[in-house]
Amino acid sequence: MPSTSVSAAATAIHARFRVAWPGFALDADVQLPGRGVSALFGQSGSGKTTLLRCLAGLERAPGGYLSVRGEVWQDDARGVFLPTHQRPLGYVFQEASLFAHLSVRRNLEFGMKRVAAAARRVSLEHAIALLGIEPLLERMPEKLSGGERQRVAIARALATSPRLLLMDEPLAALDARRKAEILPYLERLHDELDIPLVYVSHAPEEVARLADHLVLLDGGRVLAAGPIHEVMPRLDLPLAHGEDAFVVIDARVAAHDEAYALTRLEFGGLPLWITGLDTRIGAQVRARVLARDVSLALSERHESSILNVLPARVVSLDEADAGRTLVRLELGGSAMLARITRRSAVQLGIAPGMEVFAQVKGVALLR
Ligand SMILES: Nc1ncnc2c1ncn2[C@@H]1O[C@H](COP(=O)(O)OP(=O)(O)OP(=O)(O)O)[C@@H](O)[C@H]1O
């Protein structure tokens with residue numbers, strides 16, 4: 001059975017499930033950190049929802065095991081199985097399932113009443129403030145937009161003071177504008193709440209923005225799992241070979257250049273220039289660099305309009321894609337991918353261990 005691990009101290013959720021149906025089998029053994037966002041990522045039919053439903057106890061996986069921050073919710077070998085309603089979790093589905101006959105406020109109160117006063121760790125006020133739904137409280141669900149409904153559904157899940165939040169493609173039914181509207185709220189949950197969130201998605205941009213930890217599923221098996229910084233640049237995984245392959249880089253806002261409307265980020269002692277931000281100096285941000293936006297040069301001094309030319313070391317190469325070479329770089333303690341033509345790789349003599357310069361054509365700020 002594929003098994004992945006995070007350091008013992010950080011391990012807070014351990015899930016081991018096997019489900020066998022005609023035509024599909026889930027066989028997963030994962031350890032997830034007890035804080036932050038873990039994304040279950042993979043193609044349609046890879047088993048993301050099935051694994052999430054196992055965590056919720058909605059899918060009965062005989063012989064399964066689940067512990068969440070020291071509490072055992074399922075251990076079939078010892079006859080332990082908490083039914084869903086006894087698991088302190090919040091579940092947000094693709095389509096918000098609010099009670100149509102109750103106002104937003106009553107929907108929230110309904111969620112909260114299910115929790116004994118002593119177990120309440122997120123107040124209703126806090127949930128309302130986090131999701132910015134104060135102006136919607138007296139409305140009926142039918143008078144809400146899809147995005148607003150989803151924010152209410154998330155607030156309702158929070159109001160139950162869950163120890164684990166599960167979200168199954170909560171943005172999938174929304175158009176791009178609504179998605180963009182909700183993402184900052186999800187980021188706030190991530191930053192302000194001490195509740196682990198397991199987030200199902202097949203949208204790389206959502207994963208890039210939200211996830212700290214990634215579980216890559218393929219055909220019901222765990223292909224890889226680990227911190228997003230480690231999983232994304234792995235050349236042996238399909239992610240790195242996709243058209244939009246990227247890495248995320250955690251950086252600090254170091255300076256603003258007002259004259260040119262640019263901001264200098266810093267990571268591992270290296271500068272990374274980006275279109276001007278109005279973020280305060282010292283703030284931590286996350287940036288995304290696409291593999292196809294990185295090219296390589298042997299010297300730093302190149303007549304070029306590219307702002308970011310950074311010293312890097314070639315770690316490994318992959319030539320599996322026709323005519324293209326994928327290069328894994330190490331710079332400033334971070335991994336980066338460069339996708340160049342095979343011809344360039346040969347002409348430059350790119351090889352593991354070589355010192356090169358990474359020309360980074362584009363950097364997108366994620367959060
Ligand atoms: N109750 C069930 N009985 C039999 N097969 C099922 C059942 N539920 C799901 N499946 C099958 O299991 C496979 C995995 O489904 P699952 O919904 O977990 O995938 P997913 O990765 O979440 O996909 P998507 O991104 O499309 O939602 C699919 O082939 C699906 O048809």
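Helices here are DSSP runs of H or I with at least four residues, strands are runs of E with at least two, and both are numbered from the N terminus. The UniProt record, an unreviewed entry, puts the feature "domain: Mop" at residues 303–367; its positions follow the numbering used here, its feature names are shortened, and its annotations may be inferred rather than shown by experiment. The model is predicted, so local features need pLDDT of at least 70 and side-chain atom pairs count only at pLDDT 80 or more, while totals for chains, interfaces and linings use all residues. Residues are numbered from 1 along each chain as its sequence is written.

- Strand β18 (residues 324–331) and β19 run antiparallel and are joined by 8 bridges; two strands pair if DSSP finds at least two bridges between them.
- V327 has A338 in β19 as its bridge partner.
- The hairpin has 2 residues between its strands, and G332 takes a positive phi near 55° there.
- Strand β19 (residues 334–341) is mostly covered, with 6 of its 8 residues buried. Buried means 20 or more other C-beta atoms within 10 Å of the residue's own, exposed means 12 or fewer, and partly exposed lies in between, with C-beta atoms placed from the backbone.

**L216 and its neighbours**
- L216 lies in strand β10 (residues 213–218), and L216 counts as buried because it has 23 C-beta neighbours inside 10 Å.
- Leaving out residues up to four places away in sequence, L216 touches F41, G42, L223, A224, A225, V231, L237 and L239; contact means C-beta atoms, placed from the backbone, within 7 Å.
- L216 and G42 are 174 residues apart in sequence, yet 5.7 Å apart in space, C-alpha to C-alpha.

**The whole chain**
- The chain has 8 helices and 21 strands.
- Its C-alpha trace spans about 65 × 50 × 35 Å along the principal axes.
- Of the 367 residues, 41% count as buried.
- Among contacts between residues at least 6 apart in sequence, 67% join residues at least 24 apart.

How values were computed:
Contact = placed C-beta atoms within 7 Å.
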